Amino acid sequence: MIFDCYRKKTLNKTKKLSYEKSMSLRLINGYENLYVGAAKNSTPLIPRQRGTMPYPTSGGELFVCPPLAGQGEDACLHRLEACAVEGISPFPTNNKDRNFQVKSITIKKSNPLKGEITVPGDKSISHRAIMLGSIAEGDTTIKGLLKGEDNMATLKAFRQMGVRIDEHKNGVVAIQGKGIHGLKEPEDFIDAGNSGTTMRLLTGLLSGQGFFSVLTGDKYLRKRPMKRVVEPLSQMGARIFGREGGNKAPLAIVGSKLKGTTYNSPIPSAQVKSAILLAGLYADGGTTVAEPTLSRDHTERMLTYFGAEVKRRGTTVSIAGGQKLTGKKITVPGDISSAAFFMVAALITKDSELLIKNVGINPTRTGIIDILQAMGGDLKIVHQREISGEPVGDILVKSSKLKGIEIKGDMIPRAIDELPVAAVAAAFAEGITKIKDAKELRVKESDRIGTMATYLKELGIQVTEFDDGMDIVGGRPKPPQQGAIFNSHGDHRVAMSMIVAGLATERGITISNTDCIDTSFPGFMELLEGVKRT
Ligand code: S3P
């Protein structure tokens, strides 16, 4: 059936038979009945003038994508898989879809990784520095701000609200703070792009303003749940409207007078906690947030650093409304979430030794170091110090034989963004690693349990998926003979985790749809290439 169209148009009976024998057809991820196949002799089966791939058969459902001149089967696969993820028809009918480009990275088994590196600034701290700098009185200067797409979305939002933010040639960002009541109504909607932190924290901050605003984001962010912030903020008097009863962006916020509240968050989430605390700054009376286990505390630390009084008892934080913030000089440490890719890369790549300098080691974020050490990883924190209210250190990591462990409970929020790369470490470890209590991973930039479980399985690793985690039976990941291609699903951390897996995988692997890496780690590939020894 697959050869229908060729039988009619291109192939005579003998040729058809020989192609049928020599072609290996692969089902394409994301489709129920779309296959790709290449003739071993690489003769294009369809005349090239028939246009861009893929070319549908007369049946319209099954077709063969021929090797394109110089590009081959993989190019077809990347494009088709990315089309499925992006919701673009594989049969383009307009120029935008036809010209849709997929960036992909092929990664081969690597030589040892050696040297000293620094990773870009912490994403969470960078967001908060822009936000608090903008509503503080006086000037704030930020050194080491992450200039990834997520943080640029936050920066642009405050410019839209009348804040002057200059980026100097030396990389320092200077903010002329407007004071707590100095923001102005944005003339257009605010686009948070892919950034959940931008959208959720701004929802809190904007709820108490004297103006109207609309927040939207890319198609991934518009699928993510916002009720977790909308509900407690509504309890404070916020008026927020959105799709699906206020659960999905775009969100329209009618700035209102807020009153303090006490909120028991059912999930440990720094975004929820921070949204409420920022709204609390604008509320009458005190606001208290309690969470089941402690999530990252950068908002509390930075509010204190800017002169506000924040009280913390265990996992409960309180703030009094109406407090003034004062502009500061901030140095943002390197992002431990970005460093984590290099930690795992060095651990699983033979004879590696990396010193990752100037990394934020806030105890609410160092779960990944504890996890990798418990797995037998040789990691040390050296030269500990404190900068701008945050602990910082250098991390020395050497390749190690890893063993499976259990990752659960309080550890989960301390390593939430690093669990995809921890799963990669588990795939290379001896024995079983169990990840539990991590249901939140299902609503990150992608469903990180589903995606990582599927991809590790494709590498020949035994994985059992659960609603809140997965069991991974470690071994030597090996892509199938015909190679493996993984779509990032627009998720930067999935893309980088799979690139790390490729470093130590026989035969190497390809990751497509990798533009998203720029949301948190511009320069990731260059940094990685720079530490590979020949
Ligand atoms: C973040 C909090 C976490 C984390 C995200 C950044 C923040 O999200 O996963 O990447 O900067 O507050 P949750 O609050 O949803 O756990």
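## Helix packing and ligand surroundings in a predicted model

Helix 7 passes helix 8 in a crossing that is right-handed; a crossing has this hand if the near helix is turned clockwise from the far one by less than a right angle, and is left-handed if anticlockwise. This is a predicted model, in which local features need pLDDT of at least 70, side-chain atom pairs count only at pLDDT 80 or more, and totals for chains, interfaces and linings use all residues. Residues are numbered from 1 along each chain as its sequence is written, and side-chain values use heavy atoms, with hydrogens and water left out. Helices (H or I, at least four residues) and strands (E, at least two) are DSSP runs, numbered from the N terminus.

### Helix 7 and its partners

The axes of helix 7 and helix 8 (residues 227-235) come within 9 Å and cross at roughly 20°. Axes here are lines fitted to C-alpha atoms, for helices over the stretch in contact, and angles run from 0 to 180 degrees between N-to-C directions. Helix 7 and helix 8 are therefore roughly parallel to each other; angles under 35 degrees count as roughly parallel, over 145 as roughly antiparallel, 65 to 115 as roughly perpendicular and the rest as oblique. On the helix 7 side, R200, T203, G204 and S207 make the contact, and on the helix 8 side R228, V229 and L233 do. Contact means heavy atoms within 4.5 Å. By class, this contact of helix 7 with helix 8 has 2 nonpolar, 3 polar and 2 charged residues. Ala, Val, Leu, Ile, Met, Phe, Trp, Tyr, Cys and Pro count as nonpolar, Asp, Glu, Lys and Arg as charged, and the others, Gly among them, as polar.

Another partner is helix 10 (residues 270-281), whose axis comes within 7 Å of that of helix 7 and crosses it at roughly 30°. Helix 7 and helix 10 are therefore roughly parallel to each other, and their crossing is right-handed. Here G196, T197, R200, L201, G204 and L205 of helix 7 meet Q271, S274, A275, L278 and A279 of helix 10. The classes in the contact of helix 7 with helix 10 are 5 nonpolar, 5 polar and 1 charged.

Helix 6 (residues 149-160) and helix 7 (residues 196-207) have axes that come within 10 Å and cross at roughly 25°. That makes helix 6 roughly parallel to helix 7, and helix 6 passes helix 7 in a right-handed crossing. D150, A153, T154, A157 and F158 of helix 6 make the contact with T198, L202 and L205 of helix 7. The residues of this contact of helix 6 with helix 7 divide into 5 nonpolar, 2 polar and 1 charged.

### Around the ligand

The ligand is surrounded by S124, R128, T197, R200, S269, A270, Q271, R296, I416, D417 and K444, where a residue counts as near if one of its heavy atoms lies within 4 Å. The table lists polar contacts, each a pair of N or O atoms within 3.5 Å; within protein, one must be able to donate a hydrogen and the other to accept it, and residues adjacent in sequence count only if both atoms are side-chain atoms.

| Side chain | Distance from its N or O atom to an oxygen atom of the ligand |
|---|---|
| S124 | 2.7 Å |
| S269 | 2.6 Å |
| K444 | 2.7 Å |

### Backbone details

The peptide bond from A249 to P250 is cis, with omega near 5°, and P250 is in strand 11 (residues 248-254). D351 is not a glycine, yet has a positive phi of about 60°; D351 is in the loop between helix 12 (336-348) and strand 19 (353-360). N513 has a phi near 65°, a positive value in a residue other than glycine, and lies in the loop between strand 27 (509-512) and helix 18 (524-531).
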